[in-house]
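I open these notebook entries with the chain as a whole and then turn to one of its helices.

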Amino acid sequence: MEFLNKVCYVTGAGSGIGKATALAFARDGAHVVVCDINAEGASQTGKEISDMGGEVLCLPLNIARPDEVERSIQQTVERFGRLDCAANIAGIAGPVSKRIHEYPEEFWKQQIEVNLTGTWYCLKYQLAQMLVNGGGSIVNLSSAAGLIAQPENSPYAASKHGVVGLTRTAAKEYATDHIRVNAVCPTAIETPMIMEGRRKLAHNPEARQAAIDFQAMKRMGTPQEIANVILWLCSEKSSFITGVAFAADGGALA
Ligand SMILES: NC(=O)c1ccc[n+]([C@@H]2O[C@H](COP(=O)([O-])OP(=O)(O)OC[C@H]3O[C@@H](n4cnc5c(N)ncnc54)[C@H](O)[C@@H]3O)[C@@H](O)[C@H]2O)c1
């Protein structure tokens, strides 16, 4: 019950890592704000939290729309009175694999808009509210592609490196306001994004094996394993940690 009665806001909570994180906060006693552009996914996560007796607010939200992000923080405060923790997990990986000279500008813009600008909007309104509260803890979902190259996916790598830069800058700017800001940088985690998205690993055994072999542990991570890191970084147990880009990678980058 590490998060008993804490107000924890999660984007991308309708699927994958975000869903596992929202459920984990609820199991640890939090009041959870479940946000996702996919309203159906969000309400399914919300139902699972209600079924376990948790307090939940479900909000359809496009993080690339500043007015929607601002409103979602207002709704959080109207319902629960404050904001203690935020996990900015929503993201997209782009639909194609191409080198830069062939990469469609349209998909570059989409990924920068959602992964980088969307995360900045979330930080902007969350930090403003945490200043009112007198503190808080924020975790941004970057990627191993925020630390090293991701060939044939330049906008993803650029946006996720940007999330690390935002995280470090926010950590310095708010360190004396009792607000910590950290990033998590996973390698391959078994979620719809990589199983059905750009690389379609569920349908391509060779690509799936390559994704598995990238980790020294020779397996992909689970959404729950990333949720565990996020909850730890949000909790008091990591009280001296801010501004880190924490690799959760099964030894890949070692
Ligand atoms: N799965 C991996 O291997 C992996 C590795 C490293 C980093 N990540 C990052 O983890 C995060 C979660 O990914 P996942 O693997 O759980 O994917 P997922 O596709 O299962 O979940 C992503 C969720 O984000 C939501 N979303 C997308 N765009 C949105 C927007 N504009 N506004 C609000 N919600 C939006 C989707 O509807 C979806 O529910 C992403 O930021 C991703 O880049 C994933």
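I took contact to mean heavy atoms within 4.5 Å. By that definition, residues 24 or more positions apart account for 71% of the contacts in the chain with a separation of 6 or more.

I noted that this is a predicted model, in which local features need pLDDT of at least 70 and side-chain atom pairs count only at pLDDT 80 or more, while totals for chains, interfaces and linings use all residues. Residues are numbered from 1 along each chain as its sequence is written, and side-chain values use heavy atoms, with hydrogens and water left out.

I looked up the secondary structure and found 8 helices and 7 strands (DSSP runs numbered from the N terminus: helices are H or I, at least four residues; strands are E, at least two).

I checked burial next: 51% of the 254 residues are buried (under 20% relative accessible area; exposed is over 50%, partly exposed in between, with a 1.4 Å probe and protein chains only).

I then examined helix α2, residues 39-51. Its 13 residues reach 18 Å from first C-alpha to last, close to the 18 Å expected (1.5 Å times one less than the number of residues).

Which residues of α2 are buried? I listed Gly41, Ala42, Thr45, Gly46 and Ile49. Seen down the axis of α2, these fall within an arc of 135°, so they line one face of the helix (the arc is that of the directions from the helix axis to the C-beta atoms). Their cover includes α1 (16-27), β2 (31-36) and β3 (56-60). On the other side of α2, I found Glu40 and Asp51 exposed.

Just after α2, I recorded a positive phi of about 85° at glycine 53.
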